[in-house]
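Please read these notes alongside the sequence and the coordinates. They are set out as numbered points.

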Amino acid sequence: MSSGPFLLMLDILIACRTVFTYVIVLAYIAVVGPIGLAIVLLFRWSGGLYALGHGGVWLALTLAGIRYRVAGREHVPPTAVVFCSNHESNVDPPVLFEALHPRLHVLYKAELHKFPIMGKVFDFGGFVPIDRGDREKALASIARGAESLRAGNSFLIFPEGTRSRTGHLLRFKKGGFIMAIQAQVPIVPVAVQGGRAAMRKGSAVVRPVHVSVRIGKPIPTKGLTMDDRDALIDRVRDEVERLLAEGSVWTKAPEARLSAS
């Protein structure tokens, strides 16, 4: 068989797998989402919501064929931290949600709060939306995040603010760093690679990929003030760049893990 028909057949199979994944995941959200919200409302048990969330993310990654490997997990301290990651694909958030922490909170773009069910789930899960177009609202969100950090909750931030189309780091925005300084918690640099190959530009088809997650050593903020903010941003950005330079996409993965263990 020539490569042309074979590749066409492969594309068709991947498209069918994608449709199946979307249908199953949407059904999971439609059925489990209201149940999770009811559990939180009745019993104030956010842990149950996280368990259901991890179940849905694991299901989506498994059905789509997204595998990941984590290096450097030993660097994560037992205290609350701010994970600071690059962002190159739609695959990154679910992979990092599974890979980094069992009760990970997220500082996310406020536009996502408008999606049905998702906004409510994010609220109950302790996620914090940030509206970068409104300075007062953004500062209020940062203060909420800092308060949550002081209460012991770890956060994930994507300081580039959007996905990098080239794989090169974009300029880092300041909100998450202000939050970390206010709470005086460490920032843990993270580099994620490989997800860009999962979805081609303009396509909703999800292709199976192997994703590499590299975790760096925590960078302390204790004793830092807002005057140290820009230097902190530069230091963290340099570390993420170093991790990206060291990392390689995981192409041979017989021992691939799909758990956060």
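1. Along the sequence, the protein chain follows the pattern α-α-β-β-α-β-α-β-α-β-α-β-β-α. That comes to seven helices and seven strands, where helices (H or I, at least four residues) and strands (E, at least two) are DSSP runs numbered from the N terminus.

2. This is a predicted model, in which local features need pLDDT of at least 70, side-chain atom pairs count only at pLDDT 80 or more, and totals for chains, interfaces and linings use all residues. Residues are numbered from 1 along each chain as its sequence is written, and side-chain values use heavy atoms, with hydrogens and water left out.

3. Of the 261 residues in the protein chain, 43% are buried. Buried means under 20% relative accessible area, exposed over 50%, and partly exposed in between (1.4 Å probe, protein chains only). Among contacts in the protein chain with a separation of 6 or more, 75% are between residues 24 or more positions apart; a contact means heavy atoms within 4.5 Å.

4. The seven strands form an open sheet in the order β1-β7-β6-β2-β5-β3-β4, with mixed pairing. Two strands count as paired if DSSP finds at least two bridges between them. The edge strands, β1 and β4 (128-130), each pair on one side only. From one strand to the next the twist averages 25°, with axes as lines fitted to C-alpha atoms (for helices over the stretch in contact) and angles running from 0 to 180 degrees between N-to-C directions.

5. Strand β2 (residues 82-85) is joined to β6 by four bridges, and the two run parallel. Val82 stands opposite Ile187 in β6, and Ser85 is opposite Val190. Three bridges join β2 to β5 (residues 155-157), again in parallel; here Cys84 has Ile157 as its bridge partner. Val82 and Cys84 point one way from β2, Phe83 and Ser85 point the other way, and all are buried.

6. The largest nonpolar core has 31 residues, and those with the most contacts inside it are Ile66, Leu100, Val211 and Val213. Such a core is a set of buried Ala, Val, Leu, Ile, Met, Phe, Trp, Tyr and Cys residues joined through side-chain atoms within 4.5 Å. The elements giving two or more residues to this core are α2 (46-64), β1 (66-71), α3 (92-99), β3 (105-109), β6 (187-193) and β7 (209-215). A second, separate core of 30 residues includes Val128, Ile178, Met179 and Ile219.

7. Leaving aside residues up to four places away in sequence, Leu100 touches Phe83, Leu156, Val190, Val213 and Ile215.

8. Does the length of helix α7 (residues 229-246) agree or disagree with its residue count? It agrees: at 1.5 Å a residue its 18 residues should span 26 Å, and its end C-alpha atoms are 26 Å apart. The expected span is 1.5 Å times one less than the number of residues.

9. Buried in α7 are Leu232, Ile233, Val236, Glu239, Val240, Leu243 and Leu244. Seen down the axis of α7, these fall within an arc of 140°, so they line one face of the helix; the arc is that of the directions from the helix axis to the C-beta atoms. What covers them includes β2, α6 (175-183), β6 and β7. On the other side of α7, Ala231 and Ala245 are exposed.

10. Gln184 lies in the loop between α6 and β6. Its phi is near 60°, a positive value in a residue other than glycine. At 31% relative accessibility, Gln184 counts as partly exposed.
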